[in-house]
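This report describes the architecture of one protein chain, from its overall composition to individual side chains. Please read it alongside the sequence and the structure shown below.

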Amino acid sequence: MSEIKRIFVSHKASNGEIVSDMLNILKSGMAGVEFFLSEQIEPGDNWRSDIVKEIKTADCLLLLYLDPDQDWSWCMFEAGLFSAYKPKNAERRLYCIQYPGSPPPDPLSEIQTTSATFDGMKIFLKSFYSTTKQTDPKTWADLDATASRLVDFLQQRRPKDYETTNLRPSVLLYPAWDATSRPDWRPVKVPKALPLDRSEVIIENQKSLFLLGFDVDPHKMNVVDFLKRLDTDGSDARRPWMEKFLESLQSTLEGRMTEQHVVYFRSMMGNILRPIIESVKRSDDGTECECRVVFVDAFAPPSSSNPSRVQLLANGLRLAVRTRLEVLEKYRGAMAQESSRLAQSEDPAEALGKLHPLGARILESMRTIVLEAELQGTKLDTPPPNLFDDDTKQATYERIREEFKSWFIKFQAVTKEEDNEPEKKYNQTEQLLDELYEFNKKYIAIAAPTFLNMLEASHKQPNNRDDYDPAVHCPQGPSIEDSLLSTMRETVGTLRSMIEGGALGRGGPSASRIPR
């Protein structure tokens, strides 16, 4: 009786069904051959030791390299172990089958692999039959037919090729680790204050190169040098948006994925871009990390490193109106009613909304507004800017600012507490929204007329640089006409009248404005 030849089959678990069907074709005319697949290991057995044992006793290793896009590191380990173990007086063959046009894996580049073509499969079968001592004349006579069946089967099961079209410019960012220790990019292991300004960037593709304004590929660049190349400021200019971006990168690497700050800048191409950390890819051992950053269009002017009073007032008024429309008009006076309605709603479109309590929703809206204010130059943890020539108005502004800081801290605690209450009455949240309404009304009352007066003065005296704002006096566009200023004054006056008259306050309309 002839000796049984043992074949170790190395493959990806995801290709298990394809491999099983292919082996049925391969061994249909063969005798005295046993194929080993890891799926044959019994549950509860030590699979690592079983695999090592099978590799050492195998006469051949057959690697089915069917999808290069997958991770083949374990299969490469199996192939390496097979090649390294050389028993005395025994010749062992390693075979690798891959699809046409797909190069073999780098560790096997020195061996003759098999391309799944008719001629390639015939050469493989001749060698394989000889190595496994096939003597049946019919097996050899059917070699061409078997090769054809194998090729046809593999072609039918070949993974589809997909072409990816990136709609936005993107880069691959490789974050820097402290040079004194070994990297471990697993979220629970990432330390605070990484030297992320030493990170490196590679522009991902040719289209991104063009959309970001480069004429030639700079290849790998320091992240700070790269970001400086993108905007219109000079080399020595301070860039708050860049600092915020690196803060976002730090928090994202730590696993705090929701803390990406709203940052944007005016690019050399003239448009306004916002960098977003779209994904983070980490190796399973934590030694390597790659972030994909996408640049999307933004529709607000980027912050200035030294904003004028006109800019600060304009930003403050815009955010005050956002607060009024997005928070106060939607939720003030209607928290308990809206919470009860959501709980009873059977509308499928509101299924996700029911998973997120109202308090947390409002808090997130306020956090976004506060973050945008910081990006535009108004930070709560810095001394208040001098926005008003009138001492009484300036004192009112500083009082509103200090009271809001205390309010915001309290609001975070109250919303968390009342979101967890079964009754969902939100009594304390409603009281705090009333306080926010008063802050909002008082700020608009002093800021709106001051802003318009400063804007008008800037129009009449363009050479006065104290409150000169390039966003208002830009030589690239037409100057603001008196009629436009008059229209703006009427708009601001109408806004003040609506606020003072209660048209934008609590009442019947607010309940009807709750999204249904």
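The following sections cover the fold, the strands, the cores, the aromatic rings and selected residues.

## Overall composition

The structure is a predicted model. Its protein chain contains 16 helices and 11 strands. Of the 516 residues in the chain, 43% count as buried. Among contacts with a separation of 6 or more, 68% are accounted for by residues 24 or more positions apart.

## Strands

Five of the strands form an open sheet with parallel pairing, in the order E2-E1-E3-E4-E5. Strand E2 (33-36) and strand E5 (114-115) are its edge strands, each pairing on one side only. Within this sheet, strand E1 (residues 5-10) and strand E3 (residues 60-65) pair in the parallel sense over 4 bridges. Ser-10 has Leu-63 as its bridge partner in E3.

The table sets out the two pairings together with their extent.

| Strand | Partner | Sense | Bridges |
|---|---|---|---|
| E6 (residues 170-174) | E11 | antiparallel | 4 bridges |
| E10 (residues 272-282) | E11 | antiparallel | 9 bridges |

Arg-292 in E11 is the bridge partner of Leu-172, and Val-293 in E11 is the bridge partner of Ile-277. E10 and E11 form a hairpin with 6 residues between them, and Gly-286 in the turn has a positive phi of about 80°. Strand E11 (residues 289-297) is largely enclosed by the rest of the structure, because 7 of its 9 residues are buried.

In soluble globular proteins, nonpolar side chains tend to be buried together. The largest nonpolar core of this model has 40 residues, of which Leu-313, Phe-404, Trp-407, Leu-433, Leu-436 and Tyr-443 touch the most other members. Helix H10 (309-331), helix H11 (335-344), helix H12 (358-375), helix H13 (391-419) and H14 each supply at least two residues of this core. The largest share, 14 residues, comes from H14.

Leaving aside residues up to four places away in sequence, Phe-404 touches Met-366, Val-370, Leu-380, Leu-436 and Phe-439. A second, separate core comprises 36 residues, including Leu-196, Met-221, Val-293 and Phe-295.

## Aromatic rings and charges

A pair of aromatic rings is described by the distance of the centres and the angle of the planes. The model contains 18 aromatic pairs. In one of them, the rings of Tyr-397 and Tyr-443 have centres 6.3 Å apart and planes at 45°, so the pair is tilted. Tyr-397 lies in helix H13 and Tyr-443 in helix H14, so the pair ties together parts that are 46 residues apart in sequence. Both Tyr-397 and Tyr-443 are buried.

Phe-214, Phe-226, Trp-241, Phe-265 and Phe-295 form one aromatic cluster.

The charged end of Arg-92 sits over the ring of Phe-82, at 3.9 Å from its centre. Arg-332 lies over the face of Tyr-437, with a distance of 4.0 Å from the ring centre.

Most residues other than glycine have a negative phi. His-219 has a positive phi near 60°. His-219 is placed in the loop between helix H7 (206-211) and strand E8 (221-222). With a relative accessible area of 53%, His-219 is exposed, because the threshold for that class is over 50%.

Tyr-426 likewise has a positive phi, of about 60°, although it is not a glycine. The residue lies in the loop between H13 and H14. Tyr-426 counts as buried, at 1% relative accessibility.

A polar contact of 2.7 Å joins its side chain to that of Glu-418. Beyond residues up to four places away in sequence, Thr-429 touches Met-335, Phe-411, Val-414, Thr-415 and Glu-418.

Definitions and conventions:
Residues numbered from 1 in each chain as written. Predicted model: local features only at pLDDT ≥ 70, side-chain atom pairs only at ≥ 80, totals over all residues. Heavy atoms only, no water. Polar contact = N/O pair within 3.5 Å; in protein donor to acceptor, adjacent residues only side chain to side chain. Contact = heavy atoms within 4.5 Å. Buried < 20%, exposed > 50% of the residue type's maximum accessible area, 1.4 Å probe, protein only. Pairing = 2+ DSSP bridges. Core = buried A, V, L, I, M, F, W, Y, C linked by side-chain atoms within 4.5 Å. Phe/Tyr/Trp six-rings, centres within 6.5 Å; stacked < 30°, edge-to-face > 60°. Lys NZ or Arg CZ within 6 Å of the ring centre and 35° of its normal.
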